[in-house]
Amino acid sequence: MSLLVVGLSHRSAPVSVLERAALDPDAQTKLLQDTLAAEPAAEGAVLATCNRIELYADVDKFHAGVAELSTLLAQHSGVGLEELTPYLYVHYEDRAVHHLFSVACGLDSMVVGEGQILGQIKDALARGQELHTAGRLLNDLFQQALRVGKRAHSETGIDRAGQSLVTFGLEQLAAGAEVERWAHGKRALVIGAGSMSSLAAATLARAGIAEVVIANRTAERASRLVQILTEPGGTGVAARAVAMADAPAELTRADVVVSCTGATGLVLKAADIEAAAQGRGPGAAPLALLDLAMPRDIDAAAHRLPGVRLVDIESLAEAAADAPMAADVDRVRAIVGAEVATFGAAQRAAHITPTVVALRTMAADVVASEMARLEGRLPGLADKERAEITQTVRRVVDKLLHAPTVRVKQLAGEPGGAGYADALRTLFDLDPETVAAVSRADVNDPNRG
């Protein structure tokens with residue numbers, strides 16, 4: 001296993017850099033394609049959220065891999081390599097596994113313990129599978145990360161340590177009041193219809209908002225979200241869809257605005273926000289704006305406007321830095337440590353399996369060859385005697401190979417055990433192409449777990 005991750009997050013880079021480095025879906029696709037075209041990388045996956053951009057790859061050379069992945073991130077993010085480099089972090093092999101498992105459990109999130117990252121990891125895996133950039137290593141890694149994240153949430157109280165970014169943002173807008181009491185009876189404008197916007201709309205509806213207006217560039221997605229909110233047995237909130245061009249007009253009627261789109265430019269400009277705030281009249285509560293987009297949807301100048309309260313990724317990062325961590329975080333860290341050890345052992349053991357299979361195949365070929373030779377020397381041998389001799393020779397070979405192959409798998413699972421596969425190939429003079437063919441067959445097996 002030569003797993004490498006190069007990335008940046010809210011922990012390593014200021015929001016202004018993360019904002020400029022944000023990758024839209026097309027850029028992520030191109031980055032993955034170029035990663036596989038690069039010499040040091042055999043597999044690739046991108047985990048891109050509102051507060052992290054990480055490129056995972058299976059590489060054959062560490063230093064060349066770091067240089068290549070860093071360059072690719074810079075090229076596709078539009079931030080120059082010299083400017084980006086000080087904010088990049090690098091994790092390799094077990095440390096890379098530890099990092100992703102920690103991310104999956106919410107330990108590395110802006111809001112510790114939030115569970116939305118699991119959906120984003122699932123999306124990253126699905127994209128890698130769809131583009132055929134995720135092979136055996138990254139498939140195993142990301143699927144295991146999802147299982148570890150779910151285990152952390154089910155076996156500990158990590159959920160109590162934090163909540164989703166949406167909930168945290170709404171709590172900041174409510175400024176100490178209960179979100180349900182603060183939101184009751186208000187009118188909300190939700191801009192975007194992706195996973196974060198959908199979560200925001202549902203959260204507001206459950207909190208008692210009176211009306212939710214969904215503005216989105218794709219009318220079909222906006223209408224679908226409205227349908228989910230208003231269907232029988234749902235939230236019961238009044239909801240309607242409007243075109244994105246109508247968002248500034250709807251702003252004048254809204255009390256709360258949540259925006260999270262993939263737009264590269266501003267969706268709400270300061271002039272529109274100022275006009276909406278002035279139209280609310282004297283004595284009205286501040287117009288509450290929550291910007292969860294990266295890069296930002298709402299003009300940062302809104303922070304300085306009277307009658308406006310803006311909470312964005314930058315202010316959320318500052319608020320989250322002071323949030324207390326629950327005692328359950330230690331339990332999650334223990335789970336992550338144990339799961340990393342288990343994953344590493346399984347990967348090292350799997351690495352030797354093709355060599356063991358090739359060894360047993362060679363042994364079977366030797367038995368077949370010797371039985372053919374015996375057939376030539378004893379042509380009159382009866383079928384019963386021939387079958388008994390064949391079975392006896394096979395048992396002898398199996399007994400001779402059983403203990404060393406079982407032991408070598410055990411040893412290979414321990415740290416530093418990768419060299420046992422090379423030792424087997426050398427001792428038994430195994431054809432490297434035969435071993436490689438077994439590996440390829442294992443990767444392409446549709447029944448492989």
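Visitor: Where is Pro295 found?

Guide: Pro295 is found in the loop between strand E9 (287–291) and strand E10 (308–312). Helices (H or I, at least four residues) and strands (E, at least two) are DSSP runs, numbered from the N terminus. This is a predicted model, in which local features need pLDDT of at least 70 and side-chain atom pairs count only at pLDDT 80 or more, while totals for chains, interfaces and linings use all residues. Residues are numbered from 1 along each chain as its sequence is written, and side-chain values use heavy atoms, with hydrogens and water left out.

The peptide bond between Met294 and Pro295 is cis, with omega about 5°. Most peptide bonds are trans, and most residues other than glycine have a negative phi.

Now go back along the chain to Leu292. Setting aside residues up to four places away in sequence, Leu292 touches Cys50, Leu165, Val166, Met196, Val258, Ser259, Cys260, Ile313 and Leu316. Contact here means heavy atoms within 4.5 Å. Leu292 also belongs to the largest nonpolar core, which has 68 residues. Such a core is a set of buried Ala, Val, Leu, Ile, Met, Phe, Trp, Tyr and Cys residues joined through side-chain atoms within 4.5 Å. Buried means under 20% relative accessible area, exposed over 50%, and partly exposed in between (1.4 Å probe, protein chains only). Leu8, Leu165, Val212, Ile214, Leu229 and Leu292 touch the most other members of this core. A separate second core holds 35 residues, including Leu47, Tyr56, Phe142 and Val148.

Helix H8 (residues 165–174) crosses helix H10 (residues 195–207) at roughly 55°, and their axes come within 9 Å. H8 is therefore oblique to H10. Axes are lines fitted to C-alpha atoms, for helices over the stretch in contact, and angles run from 0 to 180 degrees between N-to-C directions. Under 35 degrees counts as roughly parallel, over 145 as roughly antiparallel, 65 to 115 as roughly perpendicular, and the rest as oblique. From H8, Leu165, Val166, Thr167 and Leu170 meet Met196, Leu199, Ala200, Thr203 and Leu204 of H10. That contact has seven nonpolar, two polar and no charged residues. Ala, Val, Leu, Ile, Met, Phe, Trp, Tyr, Cys and Pro count as nonpolar, Asp, Glu, Lys and Arg as charged, and the others, Gly among them, as polar.

Past H8 comes Ala175, in the loop between H8 and helix H9 (179–183). Its phi is positive, about 50°, although Ala175 is not a glycine. Ala175 counts as exposed, at 59% relative accessibility.

Helix H5 (residues 94–104) packs on helix H7 (residues 136–155) at about 45°, with axes 8 Å apart. Eight of the eleven residues of H5 are buried, so H5 is largely enclosed by the rest of the structure.
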